[in-house]
Amino acid sequence: MRKAAVVLVLMAAVALFIAGCGKKEAETGEKVKAKWTIGMSQCNLGEPWRVQMNKDIAEAAKAHPEIKVVFKDAQNKSETQQAQVREFKQLGVDLIIISPKESRPLTGPVAEAYRAGIPVIVLDRKVEGSEYTCFIGADNVKIGREAGKFLVKILGGKGNVVELKGLMTSTPGQERHKGFMEGIKGSQIKIIFDADCKWLEPNARDEMTSALSRFDKIDAVYAHNDPSAHGAYMAARQEGKGREKTIKFIGIDALPTEGVRYVRDGILTATFQYPTGGKEAIETAIQILSGKKVPKNITLGTRIFTKDNVDKGGEPL
Amino acid sequence: MLRKRKSEGVTSSADGSGIRALINTLDAYRGIAAFIVVFLLGVIFSPRALDTGRPIFVSFRTQLDILYEYCEYGLLATGMTLVILTGGIDLSVSSVLGFCATFFALLTIGYGWDIAPAVIVVICAGFAMGAVNGALISRFRIQPFVATLAMMVSARGLAKFISGGIKVQPAAEPWYRCTESTPYFYLWMTKSLPGIGVQPSTLLFLISIVVMAVVVKYTTYGRRIYAIGGNEEAARLSGIRISWNKILTYALCAGFAALAGIVNACRQDLGDPEAGTGFELEAIAAVVIGGTSLMGGKGSMVFTFIGVLIMAYISKILSLNAVPIAPRMIIQGAIIVIAVLIQQQRRR
């Protein structure tokens, strides 16, 4: 008897919960009378950078009452994302924005939607072939190269560098490494220690601790993202030899809540922005939906944030 | 559970109580009741297509999609049911899936093997990993949780090792035989078959679970795993070769994980060494929701099928409604509790 009651109460709660979520959507749909519905499939909202992307999209969309954006989070699974694209197609949305987890698996579903006449904007990571409407992304190789050149400049052309890499099975990790190697080419900068930190701060902290115990002279740390650079800084501080003040820490991404704040606090020497393209995606979407032609490829620029320019919003490179 | 139901049926007819028998019959269909509840939730909360205004959830296409999206979990759950029936657990299925997906992609895309030999070799590799699990558990008396945890870690490492840490896709390495597109088999596995609309991947799952349902119910092997899960000591004393049957069970479980790995490679169109991370919990949840007891000896393949359907429907309903991840996880947790409560046999 008691169990039946628990089941009933739980079921009522779940029904209410779903109804609550569903209703909200129905209400907004009626109130705003959006002319166009845009489906946005984000590959993984576990990453702050992607949370920022959705935020940028939502903010840009707010200025356009004629559009309504339906957000979905694929939780880092390609198969889930494939399903989401198919669902958007079934739902009959007017345009799809997708930030794919992986190019190959999403190529098919994106092409299917595109062939069915739904414009698709691909954000950040490409899909194969050319069956999409527009790709908006930043250039990781260029960002890596700029970081390399910057290090050459501030270290005077030589020094020992620790590289804390992002997930090296992912293209951004590979490209940020490749660009950096191009940037330091010809200088006497040596990478004395490198590790795959999978973009995660705790991993970076542990790896940096190992690097610190192995090498007496470390001049700079190049981390593939800001949290890793921050983790490296924390490791140096925990060591207690004051090395966090002499080592230069460089990060990438420059999210307002992470990298930019770290630069302002004097933790990082510099961070390079990896733009989300959220705002540009909505602007492009509006153009597509109102029948204008858009370029097939839009490459976003990067900005550098240092202590000197952080309050002015960084400098474009 | 099957045995218990049977014995209860006997007592009730002996008592001559019709009501008791009716309750028992209803009991047997609790899983289906839970499934119907979930299905109704789906119908009620289905969003309507913006152009035609028809509810999306009830379309045939969506129903097929639901099965397709859960076929990997389904394959894992099929094997997992066998292991759980013996009173064990297999955490390594997710990594075996990842290894087999990578291995299959490496053989076909990298070395340019034909599909048939590649499939056979990959399944054998899966069997071997499962056999190692089984041997560690039955011969060396390592607890299933620990032995398969070790396999989970090392199989993942092996996947990264054979692929060199990258995703195996055409032209990823200069020496790969495939430079542009994957073999046609990859597309075929994920494309609807003409006429019936079912994807071969889904079909593979359906066939697997039907075959295993028959095996579990009607063969000596099936009766033996129930006996081992029910009371291992008694099973041993009655002459069942425990270690052999356990090794076979874990090998079968990993074999299904290998099939799921091949499906995964086809669906992703590449071999991802990280594929399947976390899938083992989804598979265990499907088995438990179906009503199979983690203590072993009670449950059935039919229950697992219902469990897989329940999980698949819940996930589809939430996805169609674009429910954000935070409430989604809370709802999923609550529904697991509800389903298990509905499933539970009355104690007395």
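Two residues are said to be in contact if their C-beta atoms, placed from the backbone, lie within 7 Å. With that in hand, among contacts in chain A between residues at least 6 apart in sequence, 70% join residues at least 24 apart. The structure is a predicted model, in which local features need pLDDT of at least 70, side-chain atom pairs count only at pLDDT 80 or more, and totals for chains, interfaces and linings use all residues. Residues are numbered from 1 along each chain as its sequence is written, while chains are lettered from A and ligands numbered from 1 in the order in which they are written.

Chain A comes first. Its C-alpha atoms fill a box of roughly 65 × 65 × 35 Å along the principal axes. Of its 317 residues, 47% count as buried, a label given when 20 or more other C-beta atoms lie within 10 Å of a residue's own, again placed from the backbone. Chain A contains ten helices and 13 strands; these are DSSP runs numbered from the N terminus, with helices (H or I) of at least four residues and strands (E) of at least two. An automatic or database assignment divides chain A into domain 1 (33-132) and domain 2 (140-273 + 307-316). The centres of these two domains, taken over C-alpha atoms, are separated by 31 Å.

One feature of chain A to trace by eye is an open sheet of seven strands with mixed pairing, in the order β7-β6-β8-β9-β10-β12-β13. Its edge strands, β7 (188-196) and β13 (315-316), each pair on one side only, where pairing requires at least two DSSP bridges between strands. Strand β12 (residues 303-306) of chain A pairs with β13(A) in the antiparallel sense over two bridges, and A:I304 stands opposite A:E315 in β13(A).

Now for the meeting of the chains. Here 33 residues of chain B are in contact with 33 residues of chain A. On the chain B side, α4 (60-69), α13 (242-268), α15 (301-320) and α16 (325-343) each supply at least two residues. The most comes from α16(B), with nine residues. By class, this side of chain B has 20 nonpolar, five polar and eight charged residues.

Finally, a word on confidence. The model scores ipTM 0.79 and pTM 0.82. Over residues 1-14 of chain B, however, the pLDDT is below 50. Where pLDDT is low, the predicted coordinates should not be read in detail.

Technical notes:
Buried ≥ 20, exposed ≤ 12 C-beta atoms within 10 Å, placed from the backbone. Nonpolar A, V, L, I, M, F, W, Y, C, P; charged D, E, K, R; others polar. pLDDT = per-residue confidence, 0-100.
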